[in-house]
Amino acid sequence: MLIRHASDIRSSEITEQKLYVSRREFIRALTVTAAAGAGIVAGAPAAEAAAEPAPRGRKLENVRKSPLSVTDEKPNSWEQITTYNNYYEFGADKDSPAIYANTLKTEPWKVVVEGECAKPGSYSLEDILKGQTLEDRIYRLRCVERWSMVIPWVGFSFSNFIKRCEPTSKAKFVEFYTLNDPGQMPGVRIPLLRWPYREGLRMDEAMHPLTILAVGMYGEVMPKQDGAPIRVIVPWKYGFKSGKSIVRIRFVEQEPINTWKESNSIEYGFYSNVNPTRDHPRWSQATERRIGEFFMRKTVMFNGYGDQVAGMYAGMDLKRYY
């Protein structure tokens, strides 16, 4: 039997105690019997269920190819994209969203807009999509845990919706909140993070043409485990900046606190730009593994979108403002 000593184990291989305990609590909570002998919790499937790809959804109409895809890389498959996800509201493991997200109710859907804007209110998904031209945008997704994908999102520029809300001159940042419903989301029953999940962007980042509100992928409506029915995509930042299942957008004057920075500011900052020269405290960010590939590849600054976005950070110390 091979015994590995602590000095032989890289820090990146060690599961953080808080995450380990929370995962155990999550699994324990899901194995509580809701009905005698059924092995079901609040209508969720049994805890031992295997992750399966999302069923193919309704085809979105009048989707045009976007000139802003900025990559000719082959997208990951539907099966890969819908079975390997970070969506902590459904659990901390990568297959948890595929197993449990079927409980998510996406119709009807409202997004509340508030803060420093002339047109606050409650917007239905139909309101948000009215007059929008949906585009097929193939973007790289890079996650802070060093894995990546290429995903054919369907969406439209976030700036289009921001303009409709008419932010005032005081609006320097856009803050967004995701759905927080323990009845639908077994993960939020565990205090792994402070719910609801919150993220934010500087106004120029939110208005950048590459930042989109996505409502689908592969030309079809967004699968539940990938953030249905509407989510933010910021392709030059780590994936946790791209909030899923958005229910609230606020225009604010001061930099908002985002969930992962609040949870652990040593490891996660507000900007979260993909930067291979700034290591995570527990592992290097210089390489990544594309899902479906065996070998690691070099991580590219700004996830390969530097020509489009680097000017927004001219003069900033990107190791300090991480």
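1. Val113 and Ile249 face each other across a strand pair, with Ile249 belonging to E11. The strands concerned are E2 (residues 110-115) and E11 (residues 246-252), which run parallel and are joined by 4 bridges. The model is a predicted one, and the points below should be read with that in mind.

2. This pair is part of an open sheet of 5 strands, ordered E3-E2-E11-E6-E7, in which the pairing is mixed. Strand E3 (121-124) and strand E7 (198-202) form the edges, each of them pairing on one side only. On average, neighbouring strands in the sheet are turned by 20° against each other, direction ignored.

3. Which helix packs on the sheet, and which strands does the helix touch? Helix H5 (residues 158-165) does so, with contacts to E2, E3, strand E6 (173-178) and E11. The direction of H5 makes about 65° with that of E11.

4. Phe251 deserves a separate entry. Leaving aside residues up to four places away in sequence, Phe251 touches Val113, Glu114, Gly115, Glu116 and Cys117, among others. The list of its contacts also includes Ile162, Cys165, Pro167, Ala171, Phe173, Val174 and Met203.

5. The largest nonpolar core has 80 residues. Which members touch the most other members? They are Trp153, Phe161, Val174, Ile230, Trp236, Ile249 and Phe251.

6. The largest share comes from H4, with 3 residues.

7. For the chain as a whole, there are 8 helices and 13 strands. Of its 322 residues, 51% count as buried. How much of the contact total with a separation of 6 or more comes from residues 24 or more positions apart? Such residues account for 72% of those contacts.

Conventions: Residues numbered from 1 in each chain as written. Predicted model: local features only at pLDDT ≥ 70, side-chain atom pairs only at ≥ 80, totals over all residues. Heavy atoms only, no water. Core = buried A, V, L, I, M, F, W, Y, C linked by side-chain atoms within 4.5 Å. Buried < 20%, exposed > 50% of the residue type's maximum accessible area, 1.4 Å probe, protein only. Contact = heavy atoms within 4.5 Å. Pairing = 2+ DSSP bridges. Helix = DSSP H or I, 4+ residues; strand = E, 2+ residues; numbered from the N terminus. Axes fitted to C-alpha atoms, helices over the stretch in contact; angles between N-to-C directions.
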